[in-house]
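This report goes through one structure part by part.

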Amino acid sequence: MPQNTALIFGYNDYTFEIEKNIKSHYEFIHIFQLDAEKEPKDRGEYKIYSFDLSENWDDLSASVNIDTCVAFCLLEDMAENIFLTISLRETFKMLTIVALSKDKESTDKLMLAGATRILPTTQTTANIIVDMLEKPIITEVLHGILYEKSDLKIVQIKIDNDEFFNGKYPADIDWSRAHGIIVLSVFNDDMSSEFIYSSKEKHHIIKSGDVFVVVGYDEDIKNFKKMIGSKVD
Amino acid sequence: MQKHLLVDIAYQINTSKRYANVKHFFYNLLENDNYKYKKFFDIFMITLIFSSVIILVREVKSHVNDELLFFNTYIVSFIFLIEYLLRFWVSSSVTNIIIEQNEQDTILGNKFQLLKSLKIIAVLKLKYVLSLKAIIDLLAIMPFFHELRLLRIFVLFRVFKLFRYAKSIHTFTSVIIAKKFEFVTLLIFASIVVFVSSVLIYVMEANNPASPVNTLFEAIYWSIVTISTVGYGDITPVTEAGRVVAMFVIVAGIAVFSFTTSLIVTAFTEKLDEIKDTKQIDDIAKIKEFYLICGYESISKEVAKKLSINNRVIILEEHSLKVKEAIKDGFTALNYDPGSIESYKKLRINLEAQVKAIICLSHSDVENLYTALTVRSFNKDVYILSILKNKINRNKLIFAGVNELFYEKELVGIIAKEFIGQPVAFEAIHALRMNYKGVDMQEIVVNDRILESFVMVGELENKKYRVVLLGIYKKNKKRFFFNPLDSTILEVGDYLLVIGNTQFIKSFSKYLHKKG
């Protein structure tokens, strides 16, 4: 079932930034404010709901179809955020939970608490600051690609027609000259990932179901997709 | 007329670049501990002193050949004399004094007072000549008059001269000076005890034929030996009264001894932080290049950890507890306020030459802004990167002179978007960033050496080395060319952005630089 609802827990600067970036992906966004936080205020198009950490989530289950939801746990107090994550996981076994973490210790605890994905703020910030200082050009290019500030795009493409590749290995194909794109890595159907030139050994023959991570211009990517008969991004 | 001539000469000397350079060089060599060649000069002088002392000591009871005596009497003494004169020269500026006096007199409409300026010069130079170090230096030259056998006692001063070059002696002296009052009190107490006990023992023992104490000098000698707890035993009291005095001196001796020990230990403990700080500042002044992190918070810890893999990192933090934490984490941290100009002055950091970038990572925009503004007030060029805690302060920080801002919350939003939209692509970039499975993204700068062998992109053979050439960044055009054509011409200053296994990239880079 497609996920069309975002549940954002926590009402702070992270909430605003995440809501701004994900609103095009979701049909519905519900923002929840912890009782202990500031006086609730409705934010533009969204109504701000309140919740407390002792919730049993009955109201939530009744108001939304939880199978179509993704939860963002964005409480700034890490102990509360971990508690919230564990509380949601305990009630909703299959819910995708994306949780904010401010340090390595909280990351480990959030994983144990059942978070599907972590947004490690401190580590990511530190990594990017170091990259900005040590590899400024790479960082600029990478940000341009990743955050759509340039014409270049990074996309994932699923292979639906492996006949086109005729039993070849990813490293055998001159992607840049033949298709104008650069293939960075391949996700196999067994969910293991491999960077295209990570070793000199050839492990994997291209087959249907593989997902390629590709960098290129829009037009070249479209042509490539057409060529390999890809239907889904 | 003569006065004018003198002022003219003073101006001429003072404006001469060559004269200033020569004087500056000798000043650095003799007095500036941070001058890189000073340590070589010091080692040379120490070697000279040792060799001279060895020759003089050997000469006391053995024959020393004439060449060595000549070396010691003339060459070493001559070098010491030159050093003394150079120190005398750089101790103050005669020309400056004359010029200042002349300018002052001109402003006040008076005639140039030559005598007054000569007086100032004489006072300053005399002050130098009478300083302890200068006296020792002068006395160390005395063996020059080797023929006057009496003056051989001055060999001692050559040993004393060593003090000038040993930094630990300065530290010890400063520690003693810090506890001057306590040491003077102790000295007075010890002197009174020595005086009273010497007189008493003399009175009690001098008339007894069996007693070894016959003179007042012997009594003083006995008192000092006893009070210092050395107790040779060559002189001992024989009368009962004398032994009572001895008991009193022994008890007083223990008090003096323990008081002295505790004084020195306390003084050192109190000065220890200062000594360590000074040592650290000296060490930092010698570092060629480093990143300066202002503020020690959770992000600073991570940034410092990553940067210190390939670079030197110095942390400035005004809270002592955080400094302790940073030191415990293995970083070089100093307890100085990064928002104070005074801190940079004390630390003697040369921002232009030494600092690669200043990274403001305090958890308060106010503090980061203050730091950036402080740095900009005396340096316009150093690169400043700061984190932004509240979006509303973005323009203020840019106005304060920050070159690059990093807003962590915005990043979290963008990451969330990527993760939701394209989880696989997100994983790939994340893996690249984290150097996951040894795959990395690196910049290779095209230099003259590479250009000698490779003219076009098609000649690079990156595929042979299993390296992906993502593109070229043309620095002169400030533009990134993705997936460049084989016919793209390479230029000096271009950056090749490559992706691949770290080892493969290393071999590829080696290949680019080697082929010729």
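Lys409(B) lies in helix α19 of chain B; helices here are DSSP runs of H or I with at least four residues, strands are runs of E with at least two, and both are numbered from the N terminus. The model is a predicted one, in which local features need pLDDT of at least 70 and side-chain atom pairs count only at pLDDT 80 or more, while totals for chains, interfaces and linings use all residues. Residues are numbered from 1 along each chain as its sequence is written, chains are lettered from A and ligands numbered from 1 in the order in which they are written, and side-chain values use heavy atoms, with hydrogens and water left out.

Is Lys409(B) buried or exposed? Lys409(B) has a relative accessible area of 9% and is therefore buried (buried means under 20% relative accessible area, exposed over 50%, and partly exposed in between, with a 1.4 Å probe and protein chains only). Leaving aside neighbours within four places in sequence, Lys409(B) is in contact with Asp13(A), Tyr14(A), Glu17(A) and Lys389(B), where contact means heavy atoms within 4.5 Å. A polar atom of the Lys409(B) side chain lies 3.3 Å from the backbone oxygen of Lys389(B).

## Salt bridges

A search over all chains of the structure finds 25 salt bridges. The term stands for a side-chain nitrogen of Lys or Arg within 4 Å of a carboxyl oxygen of Asp or Glu. One of them joins the side chains of Glu408(B) and Lys389(B), at 3.6 Å from N to O. This pair links distant parts of the chain: Glu408(B) is in helix α19 of chain B, and Lys389(B) is in the loop between β5 (384–388) and α18 (394–399) of chain B, 19 residues apart. Glu408(B) is buried at a relative accessible area of 7%, and Lys389(B) is buried at 18%. Elsewhere, salt bridges that share partners join Glu31(B), Glu83(B), Arg87(B) and Asp137(B) into one network.

Another salt bridge, at 3.7 Å from N to O, is made by the side chains of Lys305(B) and Glu302(B). Both residues lie in helix α13 (residues 298–307) of chain B, three residues apart, which is about one turn of the helix. Lys305(B) is partly exposed, with 48% relative accessibility, whereas Glu302(B) is buried, with 13%. The side chains of Glu182(B) and Lys179(B) also meet in a salt bridge, at 3.9 Å from N to O. Here Glu182(B) counts as partly exposed at 26%, and Lys179(B) counts as buried at 11%.

## Where chain B meets chain A

How many residues of each chain are in contact? On the side of chain B there are 71, and they are in contact with 68 residues of chain A. The size of an interface is often given as the accessible area lost when the parts come together. Chain B and chain A bury about 6,600 Å² between them, 69% of it on carbon and sulfur atoms; buried area is the accessible area (1.4 Å probe) that two parts lose on being put together, summed over both.

The rule finds three salt bridges across this interface. Asp440(B) forms a salt bridge with Lys135(A), with the closest N and O atoms 3.2 Å apart. Helix α19 (residues 408–421) of chain B supplies 14 residues, the largest share of the side of chain B that touches chain A. By class, that side has 43 nonpolar, nine polar and 19 charged residues (nonpolar are Ala, Val, Leu, Ile, Met, Phe, Trp, Tyr, Cys and Pro, charged are Asp, Glu, Lys and Arg, and polar are the others, Gly among them).

## The nonpolar cores

A nonpolar core is a set of buried Ala, Val, Leu, Ile, Met, Phe, Trp, Tyr and Cys residues joined through side-chain atoms within 4.5 Å. The largest has 48 residues, and those touching the most other members are Ile18(A), Ile22(A), Phe72(A), Ile129(A), Val303(B), Ile315(B) and Ile359(B). With six residues, helix α5 (residues 121–134) of chain A gives the most to this core. Apart from it lies another core of 27 residues, including Leu351(B), Cys360(B), Val382(B) and Tyr407(B).

## Two residues with positive phi

Thr229(B) is not a glycine, yet its phi is positive, near 65°. Thr229(B) sits in the loop between α11 (216–227) and α12 (240–286) of chain B. Arg348(B), also not a glycine, has a positive phi of about 55°, and its place is the loop between α15 (341–347) and α16 (351–354) of chain B.

Notes. Polar contact = N/O pair within 3.5 Å; in protein donor to acceptor, adjacent residues only side chain to side chain.
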